[in-house]
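Good morning, and thank you for the time. I would like to take you through one model, beginning with a single loop and ending with the contact between the chains.

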2 protein chains.
Amino acid sequence: MSSTTELQSAAGGPPLGLEALNSLSQQAQAFAQLSGLYEHSDWIIEKALGQRPFKSVAHFRQVCRQVVDQAPRDAQLALIRAHPELTGKAKIDPSLAQDSKNEQQAVGLDRCSPEEFESLTRLNAAYKEKFGWPFIIAVRGPRGLGLSRQAIIEALARRLNDPIDQERAECLHQIHRIAEMRLNERMGCAPTDGERVWDNCESLAESSEEASCLTVSYLSDAHRAAAQWLKKAFQQAGCSEVEIDAVGNVVGRWGKPPYLLTGSHYDTVRNGGRYDGRLGIFVPLEVLRRQSQSLSFGVELVAFAEEEGVRYAATFLGSSALTGDFKESWLEAKDANGISMAQAMKTAGLATDFSAIQALRRDPKDYLGFVEVHIEQGPVLASQGLPLGVVTSINGSLRYKVKLKGQASHAGTTPMGQRRDAAMVAAELMVYLERRALAQPALVGTVGQLQVPNGSTNVVPGACEFSLDLRAPSNEARDSLAHDVLQELQAIASRRAVDLEVTEVLRASAAPSDQALQALWEKAIEDIGLPVYRLPSGAGHDAMKMHDLLPQAMLFVRGENQGISHNPLESTTADDMQLAVEAFYAFCLRLAQTQQTSGLAGTASSPRSVALNP
Amino acid sequence: MSSTTELQSAAGGPPLGLEALNSLSQQAQAFAQLSGLYEHSDWIIEKALGQRPFKSVAHFRQVCRQVVDQAPRDAQLALIRAHPELTGKAKIDPSLAQDSKNEQQAVGLDRCSPEEFESLTRLNAAYKEKFGWPFIIAVRGPRGLGLSRQAIIEALARRLNDPIDQERAECLHQIHRIAEMRLNERMGCAPTDGERVWDNCESLAESSEEASCLTVSYLSDAHRAAAQWLKKAFQQAGCSEVEIDAVGNVVGRWGKPPYLLTGSHYDTVRNGGRYDGRLGIFVPLEVLRRQSQSLSFGVELVAFAEEEGVRYAATFLGSSALTGDFKESWLEAKDANGISMAQAMKTAGLATDFSAIQALRRDPKDYLGFVEVHIEQGPVLASQGLPLGVVTSINGSLRYKVKLKGQASHAGTTPMGQRRDAAMVAAELMVYLERRALAQPALVGTVGQLQVPNGSTNVVPGACEFSLDLRAPSNEARDSLAHDVLQELQAIASRRAVDLEVTEVLRASAAPSDQALQALWEKAIEDIGLPVYRLPSGAGHDAMKMHDLLPQAMLFVRGENQGISHNPLESTTADDMQLAVEAFYAFCLRLAQTQQTSGLAGTASSPRSVALNP
């Protein structure tokens, strides 16, 4: 397995190497070679080196981050202010550090058009005015190939709207990203596996229903093209068998049973991101491409055809087929153009009768379990400064529609104490909901839809409608949250003499990770020198469905841009992807070990062993 | 002036008379004659009689109400439960009190159709089940002529939705209304002036743009028919001159200057009530019809053509013409059909040039002031159990549109502490606003429009929009409320890192009542034996505009149905109208006295004397 530390960089100068970095006798040399990693702030390197030895380059990077995190606010601001402004001047300031000069020149900031220069100047001034420091961005971008000037200007315009605390954190994150890429050069390593994952995501994103953005809904032309592309990619990665199954899943097998089942979905939401789902296909694929021969068990990699529920009113179509939960009635579902799912499948040359779908159900005894790599789709890892996280549970959820009916009355003539204001019930409940969810770790509660139908400025709301979305890592915590929230809602409505109608619209069980598989992820992360961080998954994933059939555990990869997802800004770096590939390989090695020592095979670790209260 | 106590009733039996009621020597006779006023609950009469002497029959009624109000909850419930259910049976229960029997037969409850009987039975059962007492309604209705069976069934169905506290209060109110009508019979009096006011409102409501409801917008055919009807009514009431002026106001004059200016508007909102505005025309008209000769000053009665702003984007058109504030630009305003105001006026045979409108401006030195009688359009008098109230000020108001921009993010994956939830800012502000408004008497604050645009159940709101309507009896209190609310909004938004855009859309000054005129209303109310109750007006009225030119003070009349307005359910009783007529006459007598003693004339009491901070 090629990891960053084993690669030799073509970049100028003799690479430092992990051994030299860890060698006490070469301290002066290491320090000299790492000088300038952080702009005019070698104190970070100095402090970090004090924590030698490092298990990996990633470990050293993580320690540098920690040094900055633990520094006083003033020192953090000084680090930010040590960076040059991206001026877009024809001649880049000669006083710049050489690294910065190289980076700015590499992305052509010295070749701005007059319009680009005007935009940069104006936005820089506004940014400096708002935050009091220069705008900082790793101009070489997530893949290290350099951002376009337009992308840099758009990021500046966008981040200008950020709250100050968030923007300070983002600048520090960008500084670490700059240091990470500089470090790769100094250490003579490159995240080549991660780059290949990144490039695969890029190539697959060329299939889209819309030219201007990424939309791949179930069985569209773009979806079918994506399946063909994946099939070919699987073949090129040396799988022994590959097929597009009866529901459109692309299934590749390496080696023999028992299989480790892994994968994620390749469909997207409308105008979605390039990594949601797809990362969970390409990270294992990269391991299999390089290392499948060294594994003592088989791997079945599934690119699930459908997870998002964009085209039809049903979700998890791909994984449902594998668990035997694909509903025959779904075949009659119609899309917005009146095309039934059965018709769409026929057009795509897939299942022509339901029995072919039923036959896709997997037999648990052939499998070691299911693991899924996924971009976090949330801000937790980004805010923790960690590239990877181990999922403890996929949160269970409850959704409700709430309709309130009070008494519409004149806003001027109805005294505060004589109102039956329906919207006030919602407001009071929202404040309670937030407090209640905050009181217990990992709970979330959201009022995402909220409106006073036909409200008028001068009329006390006689009606109000809102949605309620409650999630928790266990069904017990979810139900307790729902109990308290609904009880409070009832009490508020009753006190305000407002009628209440609550309809449950969704109830999904939590899918806690299999303890054995989760422990393997944790060991794998330690193996590559990173700290173990556990978090629940707030979003549903294919693993949630697979949980019905097999023990499962997920690995999360940090998202850039505060973890934004279902959005074109969804992103992650080649370096983070590299770590995911390394962690996946380490997981496989650990799994092989466990197999040898404890005979873990088939459904030995059943999901039922950690099953929930019904 | 004919007041209820002076009238002789045609109803059976020798009337009791106020003198006999007050005579200690006739206590037994009075008690006997009043027995049964309250169903099987003579304890109320007994206690009330203990407070003799009474200044008027209205005073006695008010004392009875007070006795019930001060009785323990159990006694109140026993009073309610002493009433028979409206069964709709072909044969009315012979065990009923004779009064109840008569009343139920009078409205034909013994002649229900099978469908009506079925509805009554079903609704009665549901009502009894919900509240635990029989449905009570004064079946003879607000005019004393009897409600239709359909109206009774509709009221039952409607009130079935009321909160229990409100419905208990409503039952007690209906019981007092029943007693009031029974008392009229026993005392041999009838609210003949109030009945005439009621009948006038009914007749005027025959002109409507819509057959099924009351809509009279500026210069519609119905509006012009109403003006002609009013002109004729003014003539029949003996005015010396009457005209429809250049903007459509119907102006009648009785006597010579200086004039007391009074009146209100005759336009309505869409599907409006019959008393909003019109009560303020017909109450003075009734006084003038009977008593204009006995007044030592002239009266100018104006039926204002427009106040509601339904047809054009401008309000107070009628009163603006009198104050000289009618804007020439309004003439270019277009209605929904593209008809300009100038065009509509021409079609109606009104002003053909702006100078004719400018000429309508009144010279303050010709006037003693402006008074306006108006239905309250709110629940305060109803909840206080009082027929009349003196307005202290027409509340000033401020309206804002608020736009919040946070960060839309995944409801499942974004921890509570990392959200920028725009709707939570609104929720928190609403809770604050309510508390702040409650902390000071007579303030109101309302979020009437509220929405998360394109909200999704599973997305943390990235945007939220709401309206803010703040009102207070003085500009100072209004501005202090606005200051606190906007400061809190800013603080909440800032703490939650949500961007805030606040736009002021309306700023109206408070119009505090002229102290001298208000004092005259208070004395007038005492003169007719009622307690003085002061309240601000939350809604705008013509008096608010007239305030720019003349000292002004308003009288409010209780509305039935918890004071609902701008709604077909808007209502008030002939007995309350009778009291308004009596109070208006008493006001005129008091004003004449003041004139004689202090020489109050013209603009002696200027509105500027109580003017506000700008």
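**Backbone details, overall form and interface**

Let me begin with B:N271, which lies in the loop between β3 and α12 (279–291) of chain B. Please keep in mind throughout that this is a predicted model. The phi angle of B:N271 is near 55 degrees, a positive value in a residue other than glycine. Is B:N271 buried or exposed, or something in between? Its relative accessibility is 33%, so B:N271 counts as partly exposed.

A further residue of chain B belongs beside it. B:A442 sits in the loop between α17 (422–438) and β9 (444–446) of chain B. Here phi is near 70 degrees, again a positive value in a residue other than glycine. With a relative accessibility of 32%, B:A442 counts as partly exposed.

I turn next to the cis peptide bonds. In chain A, the bond from A:P257 to A:P258 is cis, with omega near -5 degrees. A:P258 belongs to the loop between β2 (250–254) and β3 (259–265) of chain A. In chain B, B:P257 and B:P258 are likewise joined by a cis peptide bond, with omega about -5 degrees. B:P258 is placed in the loop between β2 (250–254) and β3 (259–265) of chain B.

Now to chain A as a whole. Chain A contains 22 helices and 16 strands. Its radius of gyration is 26 Å, close to the 25 Å that the globule rule gives for 614 residues, so chain A is as compact as a globular protein of that length. The C-alpha atoms of chain A occupy a box of roughly 75 × 70 × 45 Å along the principal axes. Of the 614 residues, 60% count as buried. Among contacts in chain A with a separation of 6 or more, 77% come from residues 24 or more positions apart.

Finally, the interface. Here 60 residues of chain A are in contact with 60 residues of chain B. The area buried between the two chains is about 4,600 Å², and carbon and sulfur atoms give 59% of that area. How many salt bridges does the rule find across the interface of chain A and chain B? The rule finds two. In one salt bridge, the side chains of A:R496 and B:E434 meet at 2.6 Å, N to O. On the side of chain A that touches chain B, α17(A) gives the most, with nine residues. The residues of that side divide into 25 nonpolar, 23 polar and 12 charged.

Methods. Residues numbered from 1 in each chain as written. Chains lettered and ligands numbered in written order. Predicted model: local features only at pLDDT ≥ 70, side-chain atom pairs only at ≥ 80, totals over all residues. Heavy atoms only, no water. Contact = heavy atoms within 4.5 Å. Buried area = accessible area lost by both parts, 1.4 Å probe. Salt bridge = Lys/Arg side-chain N within 4 Å of Asp/Glu carboxyl O. Helix = DSSP H or I, 4+ residues; strand = E, 2+ residues; numbered from the N terminus. Nonpolar A, V, L, I, M, F, W, Y, C, P; charged D, E, K, R; others polar. Rg over C-alpha atoms; globule rule 2.2 N^0.38 Å. Buried < 20%, exposed > 50% of the residue type's maximum accessible area, 1.4 Å probe, protein only.
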